[in-house]
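Subject: Structure handover

Dear colleague,

Here is the structure for your files. My notes on it follow below.

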Amino acid sequence: MTEQGSIPFSRIKIRVGALVFCGDHVAFLRRERPGSVHYTPPGGNVEDGEDLLDALARELDEELGLHPGQHTPPELLWVTDQRVTRPGPTPPPRKLHLIYRLHITDDVRAHLATEEHDELPDGSTETGYVDWIDYRKTAELPIFPPIGPALAALTSPAAHISDAGLPAVTDHNYTWV
């Protein structure tokens with residue numbers, strides 16, 4: 001008999017992320033690894049029992065130094081379901097990504113972090129760099145979750161979205177970098 005914890009996708013995690021807009025530019029964390037670079041919206045996993053917006057506020061504070069009251073109220077923009085096999089010994093969880101949108105001013109942006117440091121399991125840290133990218137130029141960027149084409153297709157940073165569901169991210173349409 002197999003332990004449930006060793007079965008791929010037998011656990012579900014929720015990740016909140018934010019598209020922090022300042023005019024036409026949106027903040028992404030750029031991670032550089034040997035042989036690859038990828039981008040992620042600021043955010044992270046929701047802790048057990050944690051309110052979604054509290055988790056978003058905590059992550060924005062940790063990664064950007066952005067506090068409630070410095071931005072517009074978060075608006076849920078997209079949801080995507082991740083079932084991607086990843087490298088390493090830990091079986092991958094199924095992850096639901098909730099992507100929120102919010103807006104800040106140039107004055108707020110000027111005081112935000114430019115780097116973010118993630119602690120790794122071995123106690124070392126990985127540095128992420130905050131890049132501000134014109135949202136219309138994100139279609140081909142290696143963003144995870146892969147929201148670049150949907151983001152680039154917005155008619156404006158505040159465009160109305162009629163369908164919050166994005167395609168699932170699976171081993172059939174995504175390769176972990």
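Phe 21 is buried, at 0% relative accessibility; buried means under 20% relative accessible area, exposed over 50% and partly exposed in between (1.4 Å probe, protein chains only). This is a predicted model, where local features need pLDDT of at least 70 and side-chain atom pairs count only at pLDDT 80 or more, while totals for chains, interfaces and linings use all residues. Residues are numbered from 1 along each chain as its sequence is written, and side-chain values use heavy atoms, with hydrogens and water left out.

Searching the whole structure gave two aromatic pairs. Rings of Phe, Tyr and Trp (its six-membered ring) pair if their centres lie within 6.5 Å; planes under 30 degrees apart are stacked, over 60 edge-to-face, and the rest tilted.

Phe 21 and Tyr 135 make an edge-to-face pair, with 5.9 Å centre to centre and 70 degrees between the planes. Phe 21 is in strand β1 (residues 12-22) and Tyr 135 in the loop between β8 and α3, so the pair ties together parts 114 residues apart in sequence. Helices (H or I, at least four residues) and strands (E, at least two) are DSSP runs, numbered from the N terminus. Tyr 135 is buried too, at 2% relative accessibility.

Phe 144 and Tyr 174 form a tilted pair: 4.7 Å centre to centre, 50 degrees between the planes. Phe 144 sits in the loop between β8 and α3 and Tyr 174 in the segment after β9 (169-170), 30 residues apart. Phe 144 is buried at 8%, and Tyr 174 is buried at 15%.

The peptide bond from Phe 144 to Pro 145 is cis, with omega near -5 degrees; most peptide bonds are trans.

Regards
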